[in-house]
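Welcome, and thanks for taking a look at this one. Below is a short tour of some salt bridges, strands, packing and ligand contacts.

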Amino acid sequence: MKVVLQNLTKKFPNRNRKLKEDVVAVDNFTFEIPDGELIGLLGPSGCGKSTTLNLICGLQKPTSGKIFFGDDDVTDLPPENRGVGLVFQNYALYPHLTVKQNITFPLENLRGADKLTKQQMSDKAEAIAKLVQIDGLLDRKPSELSGGQQQRVAIARALVKMPRVLLLDEPLSNLDARLRLQTREEIKRIQRETGITTVFVTHDQDEAMSISDRIVVMKDGVVQQIGKPQDVYDDPVNLFVAKFLGTPPINVFEGSVKGGKLTIGADTVLDVKGVSDQDVWVGIRPEGFVLRDDGAFSCKLSGLEVMGRDVSVVSTNEQSVNPTVRSIISAENKVDLAAETVRFALKPHKVFLFNKKTEERIRFDAE
Ligand code: ADP
Ligand code: MG
């Protein structure tokens, strides 16, 4: 089912009554989610992710704008008539019901032509339980399950009616790190197998990048960028997006451009043809540094961090916005820890320039 958001806007009266201005939780959001895609809605807390999801499922009404499922305008439909499955961070299973009863619960109140027999409900619950791999647990109570298993029950319950759209709001936040990794792979698999159009809300860029067909990066209610995870990472439109994606995060420096050359502090580090003379923010991805004795960019060496097959060189630079500069180099590189300075050449396509005021990307010709 294709989902279309058309100039979707949601304003709330300000909670601080002294401030008259409304809070614009979602600001003019227009996007077409193709049938069967998994979209990751990503941004810091308070940027409007949950509000967007609540608008799609009908728990909240937009101040303006429209929502379509396929060709149906669902803007004024109540949630129960939209055919959406919902999973929240607090998955709220019924403690006194078994897993099976929890899963069949949404089926119990189907009426008229949709009404199911006990046997049909049981069959559906079993099929869905198999899909989310909890078929051995159907007779247990939620208290007898681990957090990850409980979350699977919640997903099964959202899926049992075969919704047209599946909406997940930070569904993994209550799980420990290992389970979070495992469960997100599971969600991806379930989504692929069912082909249900899915919106997955998270503030965790790593999570969004790893499971989404496309990500939508939001800030203050405004969509910043939409694209395939790798494309957004490789080609951010502004400093916010560049900083939000990537671990370790992008390194940001104050720099300036003069005569088509980029300087950071005293070092002239890169040719940036086509950029007019100005001060800029320079973002350099950790993998954009190449260790070289004759490298143009010099930093003060602090130490090394070995993380499996990668080595991270930690250094400092007076122009750096962050206290440390992190560069990832391959383990074969030898670093002289006694040295005071470390020198880098830069990979041009891993270096991004941003307008000092607007923080919008400034593109340059990198040969
Ligand atoms: P997120 O899910 O990205 O953390 P939300 O969508 O919950 O963000 O909130 C977006 C903004 O809207 C925040 O500034 C929040 O305080 C505000 N907001 C959300 N719900 C309400 C509400 N019911 N009343 C007033 N303000 C709200
Ligand atoms: Mg939220």
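Let's begin with Asp 271 and Lys 261, which form a salt bridge whose closest N and O atoms are 2.6 Å apart (a salt bridge being a side-chain nitrogen of Lys or Arg within 4 Å of a carboxyl oxygen of Asp or Glu). Asp 271 belongs to strand β13 (residues 267–271) and Lys 261 to strand β12 (residues 261–264), so the bridge ties together parts that are 10 residues apart in sequence. Helices (H or I, at least four residues) and strands (E, at least two) are DSSP runs, numbered from the N terminus. Both ends are partly exposed: Asp 271 has a relative accessible area of 39%, and Lys 261 one of 38%. Here buried means under 20% relative accessible area, exposed over 50%, and partly exposed in between, with a 1.4 Å probe and protein chains only.

Please keep in mind that this is a predicted model, in which local features need pLDDT of at least 70 and side-chain atom pairs count only at pLDDT 80 or more, while totals for chains, interfaces and linings use all residues. Residues are numbered from 1 along each chain as its sequence is written, chains are lettered from A and ligands numbered from 1 in the order in which they are written, and side-chain values use heavy atoms, with hydrogens and water left out.

## Asp 235 and its arginine partners

The whole structure holds 19 salt bridges. One of them joins the side chains of Arg 361 and Asp 235, at 2.8 Å from N to O. This pair links distant parts of the chain, 126 residues apart: Arg 361 is in strand β21 (residues 361–362), and Asp 235 is in the loop between α7 (229–234) and α8 (239–244).

Asp 235 also forms a salt bridge with Arg 363, again with the closest N and O atoms 2.8 Å apart. Arg 363 sits in the segment after β21, 128 residues from Asp 235. Asp 235 is partly exposed at 31% relative accessibility, and Arg 363 is partly exposed at 49%. Elsewhere, Arg 152, Glu 186, Arg 189 and Glu 193 are linked in a network of salt bridges.

## Helix α2 and its cover

Which residues of helix α2 (residues 99–108) are buried? They are Val 99, Asn 102, Ile 103, Thr 104, Pro 106 and Leu 107. Their cover includes α3 (118–131) and α4 (147–159).

Not counting residues up to four places away in sequence, Ile 103 touches Ala 125, Ala 129, Ile 134, Leu 138, Val 153, Ala 156, Arg 157 and Val 160, where contact means heavy atoms within 4.5 Å. Ile 103 and Ile 155 are 52 residues apart in sequence, yet their C-alpha atoms are 8.9 Å apart in space.

## Asn 251, a buried polar residue

Asn 251 is in strand β11 (residues 251–258) and is buried, with a relative accessible area of 3%. Its side chain reaches the backbone oxygen of Arg 326 at 2.7 Å. Leaving aside neighbours within four places in sequence, the contacts of Asn 251 include Val 282, Ile 284, Phe 289, Asn 322 and Thr 324.

## Backbone features

Strands β9 (residues 214–219) and β10 (residues 222–227) run antiparallel and are joined by five bridges; two strands pair if DSSP finds at least two bridges between them. Ile 215 has Gly 227 of β10 as its bridge partner. The hairpin has two residues between the strands, and there Asp 220 takes a positive phi near 50 degrees. Asp 220 is exposed, with a relative accessible area of 56%.

Met 162, in the loop between α4 and β7 (165–169), likewise has a positive phi near 50 degrees. The peptide bond from Thr 247 to Pro 248 is cis, with omega near -10 degrees. Most residues other than glycine have a negative phi, and most peptide bonds are trans.

## Around ligand 1

The residues around ligand 1 include Phe 12, Arg 15, Pro 44, Cys 47 and Lys 49, each with a heavy atom within 4 Å of the ligand. Oxygen atoms of ligand 1 lie 2.6 Å from a polar backbone atom of Gly 46, 3.1 Å from a backbone N or O atom of Gly 48, and 2.5 Å from an N or O atom in the side chain of Thr 51. The protein covers 71% of the 570 Å² of accessible area that ligand 1 has on its own, by the Shrake-Rupley method with a 1.4 Å probe.

How values were computed
Polar contact = N/O pair within 3.5 Å; in protein donor to acceptor, adjacent residues only side chain to side chain.
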